[in-house]
Amino acid sequence: MKKPRAAVTADTERRLNMIEAINEALDIMLARDPDVIVMGEDVGFFGGVFRCTAGLQEKHGKTRVFDTPISECGIIGVAVGMGAYGLRPVPEIQFADYIYPGLDQLISEAARLRYRSACEYIAPLTVRSPFGGGIFGGQTHSQSPEAIFTHVSGIKTVIPSTPYDAKGLLIAAIEDNDPVIFFEPKRIYNGPFSGFYDKPVEPWKRHKDSVVPEGYYRIPLGKARIVREGEAMTVLAYGTMVHVAEAVCIAKGIDAEILDLRTLIPLDIEAIEASVRKTGRCMIVHEATRTSGFGAELSALVTERCFYHLEAPVERVTGFDTPYPHSLEWAYFPGPVRIGEAIDKLLKD
Amino acid sequence: MAKRPEKPAHSGHNKPALALHVPEPKFRPGDAADFSHLEIPQAGLLTRPDETIHPSEIGDFAYGLIRVLGDDNLAHGAWDPKLDPDTLRTMLGHMALVRAFDERMFRGQRQGKTSFYMKCTGEEATSVAAAMALASDDMVFPSYRQQGILIVRGYPIVDMINQIYSNKADKLKGRQLPIMYSSREHSFFSISGNLATQCPQAVGWAMASAIKGDTRIAATWLGEGSTAEGDFHSACTFATVYNAPVILNVINNQWAISSFSGFAGAERTTFAARALGYGMAGLRVDGNDVLAVYAAMQWAANRARANAGPTLIEHFTYRAEGHSTSDDPSGYRSAHEREEWPLGDPIMRLKKHLIAIGEWDLERQAAMDLDCAERVK
């Protein structure tokens with residue numbers, strides 16, 4: 001097993017893709033904290049179906065990094081027990097679409113343990129799971145179930161959009177004493193995705209946020225990132241959609257302020273409020289289905305907190321309220337056409 | 001229902017027509033209860049295998065019944081844990097206190113002092129004797145009917161009541177339904193309302209202990225009804241895959257609220273036999289026989305401590321009272337079941353045993369009863 005290696009560019013800045021950044025975060029935390037345990041289906045000897053755990057078992061031993069039976073409720077259940085012992089498990093669920101068998105353990109147990117035991121026991125697990133569409137994954141390899149978790153008190157939900165953030169946020173998630181769902185947008189594991197699916201794929205090494213420092217650093221949970229400043233409108237996005245929204249704004253020449261939320265819970269409501277109060281317009285973009293999606297919560301919060309500053313109704317660009325289709329991927333994916341229409345609508349007054 | 005397609009000419013015919021089997025308990029309200037169909041072997045018949053034995057060699061133990069206390073009230077056979085009289089008296093005291101506490105809290109609920117309570121009447125041995133066979137720092141993942149573990153581990157009764165009353169002194173700050181105790185100090189895991197979730201958690205705790213090269217083991221309890229949950233299956237799978245130092249106790253008290261054990265599969269096999277398919281050691285014990293429960297638990301603990309793997313113990317017992325203060329069992333089962341139950345009452349059996357070996361008498365019993373009543377006043 002060879003560890004994925006960072007490409008070294010002429011300016012000697014280390015550039016990693018998201019997989020390498022995640023691998024490095026796990027490697028660092030396994031080395032720093034003897035209580036960190038990495039486990040899941042195919043994560044051990046093989047190094048994970050997306051290579052995120054490649055080389056880790058060889059380096060840290062098979063009692064620290066190991067394969068599990070194909071049982072999501074078992075994976076999360078034993079992780080809760082390990083947390084009660086005092087370990088810091090980092091279980092992987094191979095696809096977010098397959099997290100549902102583990103929901104009872106996540107919602108009824110991990111999320112509530114600290115509250116119900118009045119802090120006697122904690123569940124410091126970080127559940128990593130590839131999520132999101134844009135890869136022709138069909139119904140069960142494309143879902144974005146973040147709203148199921150943001151609705152559960154006691155769970156934090158983190159979604160990185162760059163290699164730099166992926167490493168720093170994952171380290172912060174592992175160190176957090178609460179259960180964290182860490183969704184990794186698999187569409188952008190190897191490079192940012194503009195949403196212009198007919199254009200060649202960009203690798204991460206040309207993107208400024210693929211410069212990833214060596215060693216330990218963390219990005220605090222609950223802080224949004226301003227992708228670019230602007231005056232015309234505020235765009236709220238996370239994961240893959242950060243890059244899609246940015247590409248559309250650039251293509252249309254819109255002076256939008258784009259916020260990458262990075263963590264949905266805890267939410268950086270101050271950053272959102274400050275931006276919307278400045279721009280007076282707000283567009284929310286997510287891949288997940290529309291009804292009761294996280295966009296609904298964002299829209300309600302923006303309306304409640306910025307009502308007198310809004311120049312137009314809040315726009316949501318989301319997946320349709322259907323299961324994720326296979327052949328109709330680009331009609332379903334909230335890409336440049338639909339984002340463009342929403343921008344036009346927001347700016348028409 | 002959707003319209004079904006036309007049957008092709010070549011399709012098979014079932015003779016007779018298919019019939020769904022819906023299990024039905026033997027006795028309903030008004031019926032006389034008769035347990036003569038139950039095979040209750042004599043005490044002391046079974047051998048006691050070495051703790052490190054391979055599960056495939058003790059398959060019979062999953063279908064038999066380990067019993068130590070005989071009809072003569074004496075201890076018999078290889079499973080006799082040979083406990084000294086002081087330990088037996090302590091055990092009796094713990095069980096009596098659990099029962100007195102249950103009675104008192106049940107009354108408290110009827111008086112409106114608490115919203116809810118669940119007794120463990122008739123099942124005291126399965127928590128008291130089991131907990132006494134463990135080290136005090138072995139981690140337990142109980143269900144809601146193992147209050148005896150807290151009594152054994154010296155958790156203050158006042159703290160239990162505070163939790164039940166959700167008062168200012170409640171250590172769980174009134175957040176939890178009564179009896180959902182938690183005490184890290186007593187290695188007692190926070191009780192959850194969601195059934196069987198504690199099983200994979202206990203396995204994970206045991207795996208963690210093994211990962212760290214610790215010496216502590218884990219034990220979990222669940223009712224026979226909850227074995228139907230998926231978490232029980234995942235717990236058994238993970239326990240055997242990683243050879244986790246864990247003991248899975250299935251309390252087969254015959255009833256899951258109003259559903260008899262047949263709805264968890266008891267018509268076809270035993271719950272101990274579930275272990276065999278996983279390659280786990282499975283023991284079936286008389287759950288109303290403190291010596292048998294203690295011995296089985298001690299065997300399983302020794303096995304776990306020797307890195308010989310997990311054990312599933314089925315404690316064959318009877319839920320003598322309603323499921324909870326919200327339940328009236330006269331609506332679904334015969335009122336005679338309790339008196340006809342062939343394995344008797346665990347407290348009475350231990351009391352008779354102590355008297356039979358000359359280590360107890362009615363005077364001391366009366367003093368103990370008085371003391372228990374005082375302590376829960």
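What volume does the largest cavity have? The largest cavity has a volume of about 50 Å³, and its setting is taken up in point 2.

1. Basis of the notes. This is a predicted model, in which local features need pLDDT of at least 70 and side-chain atom pairs count only at pLDDT 80 or more, while totals for chains, interfaces and linings use all residues. Residues are numbered from 1 along each chain as its sequence is written, chains are lettered from A and ligands numbered from 1 in the order in which they are written, and side-chain values use heavy atoms, with hydrogens and water left out.

2. Largest cavity. A search of the whole structure finds 4 cavities of 30 Å³ or more; a cavity is a set of points on a 1 Å grid over the protein atoms alone where a 1.4 Å probe fits but cannot get out, and lining residues have an atom within 4 Å of a point. Among the residues that line the largest one are Phe131(A), Glu146(A), Tyr238(A), Met241(A) and His286(A). Strand E13 of chain A (282–289) and helix H8 of chain A (240–252) each supply at least two lining residues, and E13(A) gives the most, with 3 residues. By class, this lining has 5 nonpolar, 4 polar and 2 charged residues.

3. Second largest cavity. Here the volume is about 40 Å³, and the lining includes Pro142(B), Tyr144(B), Ile191(B), Asn194(B) and Gln198(B). The residues of this lining divide into 5 nonpolar, 4 polar and no charged.

4. Extent of the interface. The contact (heavy atoms within 4.5 Å) takes 36 residues from chain B and 32 residues from chain A. The area buried between the chains, that is, the accessible area (1.4 Å probe) lost on putting them together and summed over both, is about 2,800 Å², with carbon and sulfur atoms giving 60%. Within chain B, the residues that lose the most area to chain A are Arg175(B), Arg184(B) and Phe238(B), together 23% of what that side buries.

Definitions and conventions: Buried area is the accessible area (1.4 Å probe) that two parts lose on being put together, summed over both. On a 1 Å grid over the protein atoms alone, a cavity is a set of points where a 1.4 Å probe fits but cannot get out, and a pocket is an open set with protein on both sides within 12 Å along at least five of seven lines; lining residues have an atom within 4 Å of a point. Grid points are joined across faces, edges and corners, and a volume is the space filled by probe spheres set on the points. Helices (H or I, at least four residues) and strands (E, at least two) are DSSP runs, numbered from the N terminus. Ala, Val, Leu, Ile, Met, Phe, Trp, Tyr, Cys and Pro count as nonpolar, Asp, Glu, Lys and Arg as charged, and the others, Gly among them, as polar.
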